[in-house]
Amino acid sequence: MALKLLSTSKCFAGEQRIYSHFSEVLKCEMKFGVFLPPQAVEDQIACPVLYFLSGLTCTHENFIHKSGVQKYAAEKGLCIVNPDTSPRDVKVPGEDDSYDFGSGAGFYVDATEEPWSKNYQMFSYINKELIELINANLPVTKKQSITGHSMGGHGALISALKNPGLYQSVSAFAPICNPCECSWGQKAFKGYMGDDKEEWKNWDATELASKYAATPVEIMIDQGTEDNFLKSKQLLPGNFLAAAAGNDHLQTVYKLREGYDHSYYYIASFVGEHVNYHAKFLNNN
């Protein structure tokens with residue numbers, strides 16, 4: 001799996017890079033961002049990785065340009081990897097028709113319905129192919145954690161719950177917590193997986209939390225009180241917290257941020273706290 005370096009910029013004594021590669025899983029060219037901290041660039045020390053999954057309509061670029069994560073990652077010696085949110089330009093009819101399904105809206109699931117099933121295998125891409133690619137080509141350790149925002153928060157939660165032990169820690173900014181019960185999730189799940197609502201539950205963080213019985217894990221959920229999507233019941237964090245509270249294998253930390261909305265201004269305000277949270281797990285030898 002060959003990587004193509006598209007750009008590199010010095011940043012907080014490290015390097016912000018953008019790569020592309022051909023994905024065998026998604027059957028298309030994909031781009032992703034990598035921030036290498038100064039420890040990796042200057043000292044050639046392998047560093048742990050924090051994966052960030054972006055939300056609806058985003059590409060690999062939004063988080064790089066808007067979050068300010070590089071400063072905190074440099075301080076803690078973490079690599080940051082942020083992939084795109086879906087396959088791109090794969091010529092599926094209707095892939096560009098709406099903002100919440102198709103391009104920019106892969107929902108981090110493995111589609112089973114044609115014609116989406118050929119390319120829309122984002123769960124397998126994130127949790128297998130991309131990790132293998134990073135581990136084989138960049139100065140990283142085998143220790144990794146995962147976080148994300150909105151649809152990407154949903155992706156982070158299900159990635160951790162469906163792969164016990166793969167990630168050292170997990171957090172999420174304003175995640176879509178119970179997609180089976182919100183219009184965003186229902187539209188995506190029906191399109192990608194058809195009408196079988198029992199299958200939907202296998203990709204729903206709240207449903208997964210209610211029956212999780214593997215390696216104990218702590219999950220940090222971050223939510224702004226003035227988030228319009230919280231108010232319109234797209235996110236439903238209360239459902240997830242209630243499901244997790246009834247499970248001895250899960251522990252949750254809930255950060256309710258007074259006055260904050262769903263934007264990258266909100267993410268930038270607290271991304272340093274998330275980096276520090278994951279660093280406790282990733283830098284614990």
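Tutor: Proline 115 sits in the loop between β5 (79–83) and α4 (122–137); helices (H or I, at least four residues) and strands (E, at least two) are DSSP runs, numbered from the N terminus. This is a predicted model, where local features need pLDDT of at least 70, side-chain atom pairs count only at pLDDT 80 or more, and totals for chains, interfaces and linings use all residues. Residues are numbered from 1 along each chain as its sequence is written, and side-chain values use heavy atoms, with hydrogens and water left out.

Student: What kind of peptide bond joins glutamate 114 and proline 115?

Tutor: A cis bond, with omega about 0°. Most peptide bonds are trans, and most residues other than glycine have a negative phi.

Student: OK, phi then. What is the phi of alanine 13?

Tutor: About 70°, a positive value, although alanine 13 is not a glycine. Alanine 13 is in the loop between β1 and β2 (14–23). Its relative accessible area is 33%, so it is partly exposed; buried means under 20%, exposed over 50%, and partly exposed in between (1.4 Å probe, protein chains only).

Student: And serine 150, where does that lie?

Tutor: In the loop between β6 (140–148) and α5. Serine 150 also has a positive phi, near 60°, and is not a glycine. Serine 150 is buried, at 4% relative accessibility.

Student: How many residues of α5 are buried?

Tutor: 11 of its 12 residues, so the helix is mostly covered. Among the buried ones are Met151, His154, Leu157 and Leu161.

Student: What does α5 reach from its first C-alpha to its last?

Tutor: Helix α5 (residues 151–162) reaches 16 Å, close to the 16 Å expected at 1.5 Å a residue. The expected span is 1.5 Å times one less than the number of residues.

Student: Switching to charges. How many salt bridges does a search of the whole structure find?

Tutor: 13. A salt bridge here is a side-chain nitrogen of Lys or Arg within 4 Å of a carboxyl oxygen of Asp or Glu.

Student: Which residue does lysine 4 meet in a salt bridge?

Tutor: Glutamate 29, at 3.6 Å, N to O. Lysine 4 is in strand β1 (residues 4–11) and glutamate 29 in strand β3 (residues 28–36), so the pair ties together parts 25 residues apart in sequence. Lysine 4 is partly exposed at 47% relative accessible area, and glutamate 29 is partly exposed at 34%.

Student: What about lysine 255, which residue is its partner?

Tutor: Glutamate 273, with the closest N and O atoms 3.4 Å apart. That pair links distant parts of the chain, with lysine 255 in strand β9 (residues 250–257) and glutamate 273 in helix α11 (residues 264–282), 18 residues apart. Lys255 and Glu273 belong to a network of salt bridges that also includes Asp222 and Arg257.

Student: Cysteines next. How many disulfides turn up?

Tutor: 0 in a search of the whole structure. A disulfide is counted as a pair of cysteine sulfur atoms within 2.5 Å.
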